[in-house]
Amino acid sequence: MFNKMRKTKEKDVPVTKEEVLRHPMPNHVAIIMDGNGRWAKKRALPRAAGHYEGMQVVRKITRFANELGIQILSLYAFSTENWKRPKSEVDYLMKLPEQFLTTFLPELVAENVKVQVIGHTEALPDHTRRAVEKAVEETSGNTGLVLNFALNYGSRAEITAAVKQIAKDVERGMLAPEDITEPLISSYLMTSGLADPDLLIRTSGEIRLSNFMLWQLAYTELWFTDVLWPDFTEQHFLEAIAAYQRRDRRFGGVSAR
Ligand code: IPE
Ligand code: IPE
Ligand code: MG
């Protein structure tokens with residue numbers, strides 16, 4: 001009886017690429033790629049198998065974001081807190097950029113994708129850092145999708161480093177305290193030159209930011225899904241974008257609709 005009185009659910013028609021392309025696309029999509037470990041556990045596989053599968057999804061979603069004409073795709077790959085994991089898992093994660101880039105770099109070059117990195121890359125093992133630097137160099141002239149990897153990234157560490165640098169520049173007389181504006185602070189962050197994310201996706205059912213882009217996400221639309229990262233598909237990505245396109249971004253003002 002009660003059920004009958006409920007509003008009928010909207011029809012579950014899957015959103016299509018064509019539909020999504022008819023509406024304004026988010027310029028910058030950021031993803032907290034989470035759930036690799038649980039994906040592996042469900043299959044009684046080692047956690048590394050989940051990370052390997054997750055890497056294949058990175059390829060798939062990068063290709064798709066490029067096809068959709070998204071300008072910036074930021075991917076949280078390793079946090080400053082992830083060093084707490086067992087050494088064997090950290091070692092495996094540090095091998096992934098090499099694996100990913102040696103096989104995928106030629107395609108990224110050909111597809112006009114520009115690879116960038118944010119995070120404390122100086123603390124990465126040499127082999128990891130070299131692989132990433134090579135990708136950044138070889139794609140530096142590209143003008144298409146910016147593929148921004150957050151590697152050994154933590155937002156509080158980033159903000160702390162920016163505040164320190166601003167203080168030094170004030171001390172040296174290069175800046176006056178009055179010069180410290182919001183755009184100036186943005187320009188001292190690792191994301192300097194990149195617009196703030198329009199849409200943040202987090203997979204695996206966790207509803208938190210885990211120290212990701214705390215300053216940059218101030219007005220970002222957030223979209224969470226229970227889907228584990230290795231199970232994430234183009235269709236899920238379309239659903240996230242369609243949800244974003246239905247939102248009314250007011251930025252503290254009144255509706256423009
Ligand atoms: C995300 O998957 C990848 C990294 C954080 C490197 P997890 O490894 O966090 O997977 P869960 O959360 O344990 O399932
Ligand atoms: C966030 O995932 C970091 C990355 C996806 C790289 P975690 O799995 O590390 O986050 P918590 O521990 O669940 O907050
Ligand atoms: Mg996790």
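Predicted model: local features only at pLDDT ≥ 70, side-chain atom pairs only at ≥ 80, totals over all residues.

Confidence in the protein chain is lowest in helix H1 (residues 2–5), with a mean of 44, and highest in strand S1 (residues 28–32), at 99. These numbers are pLDDT values, the predictor's confidence in each residue on a scale from 0 to 100. Helices (H or I, at least four residues) and strands (E, at least two) are DSSP runs, numbered from the N terminus. Over residues 1–9 the pLDDT is below 50, and this stretch has zero contacts in the model beyond near neighbours in sequence; a contact means heavy atoms within 4.5 Å. For the protein chain, the mean pLDDT is 95, and 96% of the residues reach 70 or more.

Residues are numbered from 1 along each chain as its sequence is written, chains are lettered from A and ligands numbered from 1 in the order in which they are written, and side-chain values use heavy atoms, with hydrogens and water left out.

Now to the pocket. The largest pocket has a volume of about 790 Å³. On a 1 Å grid over the protein atoms alone, a pocket is an open set of points where a 1.4 Å probe fits, with protein on both sides within 12 Å along at least five of seven lines; lining residues have an atom within 4 Å of a point. Grid points are joined across faces, edges and corners, and the volume is the space filled by probe spheres set on the points. The largest pocket is lined by 37 residues, and Met 33, Tyr 76, Ala 77, Phe 78 and Asn 82 lie nearest its centre. Among the elements that each supply at least two lining residues are helix H4 (47–68), strand S2 (72–79) and helix H5 (87–110). H5 gives the largest share, six residues.

Next come the aromatic rings. A search of the whole structure finds ten aromatic pairs, where rings of Phe, Tyr and Trp (its six-membered ring) pair if their centres lie within 6.5 Å; planes under 30 degrees apart count as stacked, over 60 as edge-to-face and the rest as tilted. The rings of Tyr 219 and Phe 251 have centres 5.3 Å apart and planes at 55°, so this pair is tilted. Because Tyr 219 lies in the loop between strand S5 (199–202) and strand S6 (221–224), and Phe 251 in the segment after helix H9 (234–246), the pair ties together parts that are 32 residues apart in sequence. Elsewhere, Phe 64, Trp 229, Phe 232 and Phe 237 form one aromatic cluster.

The loop between S5 and S6 also holds Met 213. Is Met 213 buried or exposed? At 1% relative accessibility, Met 213 counts as buried; buried means under 20% relative accessible area, exposed over 50%, and partly exposed in between (1.4 Å probe, protein chains only). Leaving aside residues up to four places away in sequence, Met 213 touches Ser 74, Ile 118, Asn 148, Tyr 153, Ser 155, Thr 191 and Pro 197.

Asn 211 lies in the loop between S5 and S6. Asn 211 has a positive phi of about 65° although it is not a glycine. Most residues other than glycine have a negative phi.
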